[in-house]
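Hello,

Here is the structure I said I would pass on. Please open it first; my notes follow below.

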Amino acid sequence: MQSLSEKRRPPHTDPAGNEASESGQTQSVAKGKLRVNLATLLIQAGLVALVILLSWAGFQTDTPMRIPAISSTPGFYNGIQNLEESEAGVFRWTDGAGEACVPHAGSAARSLVTTQISGAYALPLGIATATLRPGTGPGVTIALPPQSRHYTLLTGGDQQAGADLCLTIESPTVLDPNNNRALGVQFFSFTGIHLPMAGPVMPAVSQIIVNLALAFAAFWLMHLLRTPAWVAGVIVAGGIVAYGMAVATGLVPAGPGVVRMQVPVALGLAGAVAGLLGVRSITGAKPTLSLLQRDLLGMAFWSIMLVGGINLVQRANGHHSVWPLKAGVYPEPYWTWLVILPTLFFVGWLWLVMRLSLQGARTARLGAALVMLGAVLVPVALEVTVLGHDSLYEVFRDSEYDYQQDTWRVAGDPIGFLGRYVEEAPDMALHNSNHPPGSVLLLWGVEQIFGPGAVATSWLAIILSALSAAAALWLGWKLGGPRLALVAGAIFVAMPGHLVYSVTSMDGVFNALNALTAVAFFVALDRSAKPWTALLAGAFAALGVFFSYVATQIFFFGVAAVILSLIRAWHAEGRPSLGPLVRHMLRQSVLAGVVLVSFYLLIYLVSGFNIIEASREATAINAPVVGKQLIEGSVDQAFLPSNFAFYVKYLGANIGPYFWYLAPWGMGAFAALIIAGSRRLQGREPLNPFDLVLLSTAFCVLGMWVGGLFNREVERIWGFTYPLLAVVLAHYALQGDARQRQWRAWLFPLLFFAQGAVIKMLLNTAW
């Protein structure tokens, strides 16, 4: 029995020292958290100072900010009509008091404003003069010339108050009898330039606020994913410095409309932080929600995020409908009711695959064959019943932009064609001029075997596109065995990226090669992998680059896979295991690289085809197509954006459509798995192989996204990631007890198929 004195003894005098020890540990933990919190606050304060400093420096430049008439971004014009064409170029009519502005431009002691206008169409209407009024200053009246001419005015700070740089074009007007509008003069462009030599330029407060929002959203997103605060701070600070230097040196000028384009990105990052915080709170040590409740909650949240994000991008860019998908609403009511037929076919096929997936390894190969067959037939069945049999051949037969338009150039001499490819590229169809020559040569070869025509080439593209399902099967089998492989294959076949694009273009072929490259390299990194796997990865990579420059972006996936594999080995086995693993990975990487380089060196020696020169030419040719030359004139640096406004515009426009093709249920699953993986990293537990695939793929998408090389159409261009993510989704689906695993394995394919069917019925994706 315990004595009274023992009962009353203070905690720090406990003989065993347990309570004293626990108290000391608690105090130690509290002090550690305090130090971490103080360090985090100091890092954030440093980011604030850096953002403000570099934002100020970015405004102290005399880089012109040009707004051509063709720009459709809202906020640039007031009282200026819709776009029209003339022999002098595209223009807009003013309404007698048309105003052009560079918004959020800051305030300067002196500025130059230049406009290009014309009286060619106004003079015959009796409009002979116009008054140019910069900001609130006095106007200058000019006689309208019969041709387009530039006029430049020097303004003072009192004439350009606030953070906008504006010019009003005043003139008499004539009523247009055709559509009841007032016609003034022809407006072609407006350019504003601050003159720092006359005094410091005061930054626009709105620009500083949005810069801070971006920096903090990025910092907290990384911090939420268990990135140490100092690492997150270094990464964000590095991005800020890189952007600041690019703007300050004129390498990538700011351009007009930066704030407007940055807002969707900042809000999207903030929404991602909120979503991941929510996932972390409901998937803790003692989750209070069931798997179904978590899935439904995740779907609801990411649906709101995706709908809201697309809406923000539309508003920022002045577009409507589903512009970010580059696929206008184009329903086919005559065929739409037949969608019930491919739906029944898909459900029956899925039932067979799921049944075989439950019967073990003895039937798994039959199941894999069934998945490959479905990868061909399910998209074809959906295409034919919704859009008609003829639609299978529409792209290869009718499109003036596509690859088969230039097969005649090979002229029986593929080696000579390779040597001439860069020289002839500007005269080729669009998709040949901005791609490597692989597609033209492949389709030429098909014509030699089967004869000219769209039937053989279309079916070749459909069958080769199905190889992406083989990538999902291969990776799934390697990581989780036959059942997971079959579920992954079923999910991929149902994903809209495959349903839509495997039967409408060559993109499915490109994606198959790139997905096989990524899987082969991932497999080659395994300790037990033989050298031939690395050689195979290099061969796939060489073929991938021969068809599409997107294959170069697998570099991001490979780098992430190597780093994460080393982290996993460190946590699982400690430092002694890293030496042999590093040597193995280095050997495999070198072997893959040797195959890739040797392939193009051999082609160069045989034909003179230079892949680097071809990529530069293709990027320059593609610049006007994506709007670069319409903003700042000719593009001297092919791989750089014409200005930062152009770059950030597509940060929002690219990621939204890509996420839409992953769908709210996919986003919810990935968020849960990313949070689970970050917890393992924090606890220094080994990552599982699915963590490696998901995080490596996420890093690859991040690299492609911020790299800015691809603008628009990324829901198909980045489609090689879908087979990899299908494996991760299969892993997520096969969680829970036996009953939950059974219905969850069905859930994802059914939801994805429904999404793909709706896209096929309502949107025009055959381009």
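Helix H3 (residues 205–224) packs against helix H5 (residues 258–282) at an angle of about 25°. Their axes lie 9 Å apart. Angles under 35 degrees count as roughly parallel, so H3 is roughly parallel to H5. The crossing of H3 with H5 is left-handed. By residue class, the contact between H3 and H5 has 19 nonpolar residues, four polar ones and one charged one. Keep in mind that this is a predicted model.

Arg 226 sits between H3 and helix H4 (229–248). Its phi is positive, at about 70°, although Arg 226 is not a glycine. Most residues other than glycine have a negative phi. Is Arg 226 buried or exposed, or partly exposed? Its relative accessible area is 23%. Buried would need a value under 20%, and exposed one over 50%. Arg 226 is therefore partly exposed.

Ala 663 also deserves a look. This residue is not a glycine, yet it has a positive phi of about 70°. Ala 663 is placed in helix H23 (residues 644–682). Its relative accessibility is 0%, so Ala 663 counts as buried.

Now the cysteines. How many disulfides does a search of the whole structure find? The search finds one. Cys 101 and Cys 166 form a disulfide, with their sulfur atoms 2.0 Å apart. The cut-off for such a pair is 2.5 Å. The link of Cys 101 and Cys 166 is right-handed, with 115° about the S-S bond. Which parts of the chain does the pair link? Distant ones: Cys 101 is in strand S3 (residues 89–102), and Cys 166 is in strand S8 (residues 165–170). The two cysteines are 65 residues apart.

Cys 101 has 7% relative accessibility, so it counts as buried. Cys 166 has a relative accessible area of 10%, and is therefore buried. One further cysteine is on my list. Cys 700 counts as buried because its relative accessibility is 1%.

- The contact of H3 with H5, with the axes 9 Å apart.
- Arg 226, in the loop between H3 and H4.
- Ala 663, in helix H23.
- The disulfide of Cys 101 and Cys 166.

Best wishes

Methods:
Residues numbered from 1 in each chain as written. Predicted model: local features only at pLDDT ≥ 70, side-chain atom pairs only at ≥ 80, totals over all residues. Heavy atoms only, no water. Helix = DSSP H or I, 4+ residues; strand = E, 2+ residues; numbered from the N terminus. Buried < 20%, exposed > 50% of the residue type's maximum accessible area, 1.4 Å probe, protein only. Axes fitted to C-alpha atoms, helices over the stretch in contact; angles between N-to-C directions. Parallel < 35°, antiparallel > 145°, perpendicular 65-115°, else oblique. Left-handed = near helix turned anticlockwise from the far one by under 90°. Nonpolar A, V, L, I, M, F, W, Y, C, P; charged D, E, K, R; others polar.
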